[in-house]
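The sequence and the structure are shown first.

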Amino acid sequence: MLLLIIGIPLEKKFGFVRIGLVYVISGLGGNLLCALFLHSIIYVGASGAIFGLLGVMLSELLTNWKMHTHKFDEMLILVVIIVLDLALGTFPFGSNFSNIGGFTSGFLLGFVILTRRQHHWLNLNKSNTFQKQESYQYALRIISFVLLGVGLVGGGVLFFKGVDLNDYCSWCHYITCAPPSCKPGYISCEDYQIGNKLNVTCLNNGRSGIFSLSNRNPDEQAEELCYRLCGK
């Protein structure tokens with residue numbers, strides 16, 4: 001529904017090339033952030049890309065503020081939609097990491113490619129006008145381009161290095177789930193091997209155990225034992 005409600009007007013206003021670019025890059029950003037936090041869970045869906053359209057609507061409204069006639073009404077509607085959708089993202093089978101990553105990507109990209117020239121009067125009687133971009137629009141474009149590039153490239157590097165961002169943010173899993181639903185799926189364990197013994201500790205509940213390794217892949221066994229300990 002969101003894709004129809006906001007996607008079609010955006011495409012009519014700015015063209016399918018720019019909005020398509022926003023959609024694809026926002027989807028990439030959302031899935032990248034999701035993968036950096038949720039290593040052991042597979043998520044599929046277009047919520048990151050759709051949140052990118054919400055983000056680009058907000059940045060377009062801000063950077064072209066003078067050109068909107070009902071700016072405060074539009075801002076209020078956007079904020080309500082964003083808050084409600086983020087709240088839905090805390091329910092089971094949803095991922096706010098994807099939503100936030102997509103929204104941030106779209107928000108920054110909007111400053112880069114959807115900036116419009118502002119009208120200025122040539123004389124006091126307002127009979128003639130000319131258009132130009134404001135200095136703050138140039139500044140926002142440069143800053144947003146740098147932040148977006150650093151985020152996507154840096155996130156890609158961390159992803160291919162196998163970095164788990166939960167190691168650096170112990171509370172971040174609450175962003176994507178309300179406390180009652182933050183049990184299975186959002187688990188983390190520490191393990192180390194001594195000979196053919198594997199010591200595994202669940203960081204969610206503190207339970208630990210020492211297990212004998214079989215001929216199977218040690219990483220697969222560690223993941224299985226982690227689920228067993230954290231699921232008790």
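In this predicted model, the buried residues of α2 are covered by elements that include α1 (2-14), α3 (47-63), α5 (96-113) and α6 (135-160). The residues of α2 that are buried are I19, V22, I25, S26, G27, G29, G30, L32, C34, L36 and F37.

Two packed helices are described by the angle between their axes and the distance between the axes. For α2 and α5, the angle is about 145 degrees and the axes are 7 Å apart. Their crossing is right-handed. On the α2 side, the contact is formed by R18, L21, V22, I25, S26, G29, G30, N31, L33, C34 and F37. On the α5 side, F97, S98, I100, G101, G102, S105, G106, L109 and I113 take part. Classified by type, the residues of this contact are ten nonpolar, nine polar and one charged.

An unreviewed UniProt entry lists residues 20-38, 44-63, 75-94, 100-117 and 138-160 under "transmembrane region".

| Span | Helix content | Strand content | Distance between end C-alpha atoms |
|---|---|---|---|
| Residues 20-38 | 95% helix | 0% strand | 27 Å |
| Residues 138-160 | 100% helix | 0% strand | 33 Å |

Methods:
Residues numbered from 1 in each chain as written. Predicted model: local features only at pLDDT ≥ 70, side-chain atom pairs only at ≥ 80, totals over all residues. Heavy atoms only, no water. Buried < 20%, exposed > 50% of the residue type's maximum accessible area, 1.4 Å probe, protein only. Helix = DSSP H or I, 4+ residues; strand = E, 2+ residues; numbered from the N terminus. Contact = heavy atoms within 4.5 Å. UniProt positions renumbered as here; feature names shortened; annotations may be inferred. Axes fitted to C-alpha atoms, helices over the stretch in contact; angles between N-to-C directions. Left-handed = near helix turned anticlockwise from the far one by under 90°. Nonpolar A, V, L, I, M, F, W, Y, C, P; charged D, E, K, R; others polar.
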